[in-house]
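Please read it alongside the model.

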Amino acid sequence: YLITCLFQIRKILPETTVFLIADKNPNLSFVRWVDLQSVSSAFERFSEVYEHLSSNSELFERLCFYRWFAVRELMKGRNLRRVLHLDTDVLLLSDPWHILRNVPDDHIAIGSSSGGSFSPHFLFISGEKVLGEFCDFCIDMYTNQEKREVLRRFYRQKIEAGEGGGVCDMYAFGWASGWRGQCSVRIPTAELNLPEKYGIAIDMSLPDANTADVRQY
């Protein structure tokens, strides 16, 4: 699906520069390939402190975290002020820039299930500084003994309840942004998945009952 999604971005946003951080070059004229190895030093410190606390594969969860360090390195190296990050399975159907212009500087805007998860499949980064704060928070989660115990306790609860998943970058985004008012805020965030406000639905899964079906887009 990656190639399909890349061509769709090209169709919807023909003037936008598209970067792909990956271990293989797609050899598409409109895509600027960034070799994952060229930015791997950015997540070296995190890779040393990470503790796997999820039923998903360790490689999968590591890559979910690593990408934010890689994107930060890309922003620094290319002097990119604002970046729209899309997962490789996101199908873009309309131009999002008119809602992204409303995002304040030094904020991260998430197109998650409004009021629900903190899925960064559609994520807008307004400034390298705020992404750096998030990356620092991710390292802090595993190096601060109290925070690490919170992570372990959360994973144990998942296991005891017979649920899948565990600690992931979505969990980190939720915690760093204050759990929707439940704790202190490390990074300022904004919710983009508000169709009644912006006229656009950002759905994390087309058949997901937490998004389209319940909210009746």
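What span should the 21 residues of helix α3 have at 1.5 Å a residue, and how far apart are its end C-alpha atoms?

## Basis

This is a predicted model, in which local features need pLDDT of at least 70, side-chain atom pairs count only at pLDDT 80 or more, and totals for chains, interfaces and linings use all residues. Residues are numbered from 1 along each chain as its sequence is written, and side-chain values use heavy atoms, with hydrogens and water left out.

## Helix α3

Helix α3 covers residues 58–78. Its 21 residues should span 30 Å, and its end C-alpha atoms are 30 Å apart, so the two agree. The expected span is 1.5 Å times one less than the number of residues. Helices (H or I, at least four residues) and strands (E, at least two) are DSSP runs, numbered from the N terminus.

α3 bends by about 25 degrees at Y66. The bend is the angle between axes fitted to the seven residues ending there and the seven starting there. Y66 is also among the buried residues of α3, including E61, R62, W68 and L74. Buried means under 20% relative accessible area, exposed over 50%, and partly exposed in between (1.4 Å probe, protein chains only). Just after α3, N79 takes a positive phi of about 55 degrees.

The 16 residues of α5 should span 22 Å; the end C-alpha atoms are 23 Å apart, which agrees. Its buried residues include V130, L131, F134, F137 and M141. Among the elements covering them are α3, β4, β5, α6 and α7.

α5 (residues 128–143) packs against α7 (residues 169–176) at about 105 degrees, with axes 10 Å apart. Axes are lines fitted to C-alpha atoms, for helices over the stretch in contact, and angles run from 0 to 180 degrees between N-to-C directions. The two helices are therefore roughly perpendicular, a label for angles of 65 to 115 degrees.

From α5, F134, F137, C138 and M141 meet D169, A172, F173, W175 and A176 of α7. Contact means heavy atoms within 4.5 Å. The contact residues divide into eight nonpolar, no polar and one charged. Ala, Val, Leu, Ile, Met, Phe, Trp, Tyr, Cys and Pro count as nonpolar; Asp, Glu, Lys and Arg as charged; the others, Gly among them, as polar.

## Positive phi in loops

Most residues other than glycine have a negative phi. D106 has a phi near 60 degrees. D106 sits in the loop between α4 and β4. At 36% relative accessibility, D106 is partly exposed.

W179 has a positive phi of about 50 degrees. Its loop runs between α7 and β6. W179 is partly exposed, at 28% relative accessibility.

Note on methods
Parallel < 35°, antiparallel > 145°, perpendicular 65-115°, else oblique.
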